[in-house]
Amino acid sequence: MDTFYITTPIYYPNAPPHIGHAYTTIFADVLARYKRLTGNNVLFLTGNDEHGLKIQKVAEKQGKTPKEFTDEMAELFKKYWLSLDINYDHFIRTTDDYHERTVKEAFNYIYKKGLIYKAKYAGFYCVECEKYYSPEEYVEVDGKPHCPLHNKPLEYMEEETYYFKLSEFEKYLLDVLSNKDIVYPRSYADEVLSKINKEGLRDISIARPVERVWWGIPVPFDEKYVIYVWFDALLNYLSALDYLNNRDKFNKYWSNAHHVIGKDILWFHTVVWFSILRALDIDPPRKVIVHAFLTSKGAKMSKSVGNVVPIEELLSRYGSPDAVRYVLMRIFNMDKDSEFDFELLDNIYNSELADTYGNLVRRAGVLAQKKTDGKIYRRNIDSKIRDELENKLKSYIDAMENYEVSKAASIAIDTARLGNQYLNDTKPWEKKDPSKELYTVLETIRLATILLYPFTPRASDLVAKAFGFTIENPSKGVVESIERYNVLSAPILFKKIMSKK
Ligand SMILES: [Zn+2]
């Protein structure tokens with residue numbers, strides 16, 4: 001059995017997750033479900049990135065210890081993922097001790113290789129980003145350096161710190177990013193390459209003095225420092241595979257590792273991460289799948305911008321996790337930002353889930369019960385329809401293998417559209433024995449239901465039960481493979497909603 005290791009970024013739990021987090025996490029879940037369905041041994045990892053100054057500060061503000069605060073947030077994140085039917089295999093927290101041990105070991109290993117060293121640093125620092133900004137990176141407002149993200153003045157700081165010799169890896173990174181097809185879509189790799197070529201690579205600070213940030217993993221041989229959150233966080237992808245204690249497991253999954261990320265963390269997940277891996281003598285991941293932002297009022301959703309759409313708002317509007325998953329994946333885009341717009345989502349929901357798929361299931365179910373008492377045996381279906389179904393299946397698999405979830409979801413709905421059209425054309429309700437027509441239309445439903453399963457697992461399971469079939473691996477070919485349908489009910493899946501705007 002092939003393995004498939006898929007990860008989301010670990011999220012910073014300074015606030016509850018919103019639709020932006022859901023966008024990434026649902027995408028990973030859809031791919032994980034598709035891979036399980038097509039016979040892979042999947043490990044789907046998500047979790048929280050719990051260290052660092054921001055968490056330390058938020059917890060202090062609420063009168064809690066960071067541990068108490070992150071414990072509560074971890075439960076809250078899990079609750080949200082459950083409400084969206086996110087079926088992860090492992091939820092990692094960077095405060096988990098197996099993770100902390102991995103980070104310390106990795107730090108030691110790289111230090112012993114001479115790729116981590118101590119030196120003085122002076123520069124302009126953003127407290128919110130926990131990051132120094134170079135003159136090329138910061139913006140000047142009234143002659144003073146400001147954070148380009150927060151638009152706040154930067155603090156000038158001088159301190160001793162530990163550096164990671166990123167500069168050592170320039171040649172390696174140029175080679176890997178140009179010659180291996182890791183970053184998807186490819187344009188993001190070109191973006192990183194051109195930045196390296198233009199600016200070169202400087203060593204990066206990977207520790208913070210404990211008097212400023214105490215909430216972190218201590219540098220193993222120097223307790224005056226904690227390890228910088230990014231170095232800590234990236235290693236979650238290894239510690240979740242039990243890297244220290246179970247190399248067999250690690251090798252098995254790492255060889256097919258897929259990181260799903262938003263485009264804002266591209267640099268860290270290529271340049272920094274690939275270099276850390278190289279320093280640890282580990283190959284780069286198989287794929288880094290990068291998506292553009294789900295924007296709201298033109299900007300990436302974030303608490304500090306104040307344009308966040310809460311997950312519960314979507315759940316209550318559309319009434320089911322299936323619908324929320326589906327509509328978000330229909331606007332999923334790798335290259336271009338997608339603006340969040342209720343009117344657009346309402347249209348997708350109504351026309352695709354309610355009017356097309358839901359309507360077909362209801363119509364065919366009622367008809368089958370009325371005409372044949374729900375029992376329909378296999379007939380040869382028209383070759384034209386069969387060919388169309390085979391084609392749909394093939395293009396769906398192509399789309400999914402290329403991570404094109406929006407296209408795959410559309411193909412699933414097109415399959416249902418084919419069923420509706422066939423019903424309209426053949427009018428089985430006028431026939432005395434419409435067994436052939438019903439078998440044909442149920443085949444369109446069965447295929448649509450299987451193809452929709454990664455997006456709408458609840459509805460798919462419900463239809464499979466109601467019509468007497470199972471959700472099976474579509475990659476082996478499923479058209480005309482079922483002997484008999486037993487239609488027990490005609491469920492109403494998605495009630496049409498009136499636009500509330
Ligand atoms: Zn900042």
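No disulfides were found in a search of the whole structure, which is a predicted model. A disulfide is a covalent bond between the sulfur atoms of two cysteines. Cys 126 counts as buried because its relative accessibility is 4%, and the cut-off for burial is under 20%. Cys 147 also counts as buried, with a relative accessibility of 0%.

Cys 126 belongs to strand 4, which covers residues 116–126. Strands 4 and 5 are antiparallel and are joined over three bridges. These two strands form part of an open sheet of four strands, in the order 5-4-8-10 and with antiparallel pairing. The edges of this sheet are strand 5 (131–133) and strand 10 (204–205), each of which pairs on one side only. Strand 4 also pairs with strand 8 (residues 155–164), in the antiparallel sense and over ten bridges. Within that pairing, Phe 124 has Tyr 156 of strand 8 as its bridge partner. Strand 8 in turn runs antiparallel to strand 10, to which two bridges join it. Tyr 163 is paired there with Ser 205 in strand 10.

A further open sheet consists of three strands in the order 11-13-12, again with antiparallel pairing. Strand 11 (207–209) and strand 12 (218–219) are its edge strands, and each pairs on one side only. Strand 13 comprises residues 222–227 and pairs with strand 12 in the antiparallel sense over two bridges. The bridge partner of Pro 218 is Val 226 in strand 13.

Among the helices, the packing of helix 1 (residues 19–37) against helix 12 (residues 321–330) was examined. The angle between the two is about 95°, and their axes are 10 Å apart. Helix 1 is therefore roughly perpendicular to helix 12, as angles of 65 to 115 degrees count as roughly perpendicular. The contact involves Ile 19, Tyr 23, Ile 26, Phe 27, Asp 29, Val 30 and Arg 33 from helix 1, and Arg 325, Leu 328 and Met 329 from helix 12. Of the residues in this contact, seven are nonpolar, three are charged and none is polar.

Asn 350 is part of helix 13, which spans residues 342–372. With a relative accessibility of 12%, Asn 350 counts as buried. Apart from neighbours within four places in sequence, Asn 350 is in contact with Asp 355, Lys 496 and Ile 497. Thr 444 is located in helix 16 and counts as buried, its relative accessibility being 0%. When neighbours within four places in sequence are set aside, the contacts of Thr 444 are Leu 360, Leu 389, Thr 415 and Gly 419. Thr 444 and Leu 389 are 55 residues apart along the chain, and their C-alpha atoms are separated by 7.2 Å.

The loop between helix 15 (405–426) and helix 16 (435–452) contains Lys 432. This residue has a relative accessible area of 84% and is therefore exposed, the cut-off being over 50%. From C-alpha to C-alpha, Lys 432 lies 71 Å from Gly 52, a residue 380 places away in sequence. Lys 427 is placed in the loop between helix 15 and helix 16 as well. At 34% relative accessibility, Lys 427 counts as partly exposed.

Most residues other than glycine have a negative phi, and most peptide bonds are trans. Lys 427 is not a glycine, yet its phi is positive, at about 45°. Asp 142, also not a glycine, has a positive phi of about 50°. Asp 142 is situated in the loop between strand 6 (139–141) and strand 7 (144–146), and its relative accessibility of 76% counts as exposed. The peptide bond from Tyr 184 to Pro 185 is cis, with omega near -10°. Pro 185 lies in the loop that separates strand 9 (183–184) from helix 6 (186–199).

Definitions and conventions:
Residues numbered from 1 in each chain as written. Predicted model: local features only at pLDDT ≥ 70, side-chain atom pairs only at ≥ 80, totals over all residues. Heavy atoms only, no water. Axes fitted to C-alpha atoms, helices over the stretch in contact; angles between N-to-C directions. Parallel < 35°, antiparallel > 145°, perpendicular 65-115°, else oblique. Contact = heavy atoms within 4.5 Å. Nonpolar A, V, L, I, M, F, W, Y, C, P; charged D, E, K, R; others polar. Pairing = 2+ DSSP bridges. Disulfide = S-S within 2.5 Å. Buried < 20%, exposed > 50% of the residue type's maximum accessible area, 1.4 Å probe, protein only.
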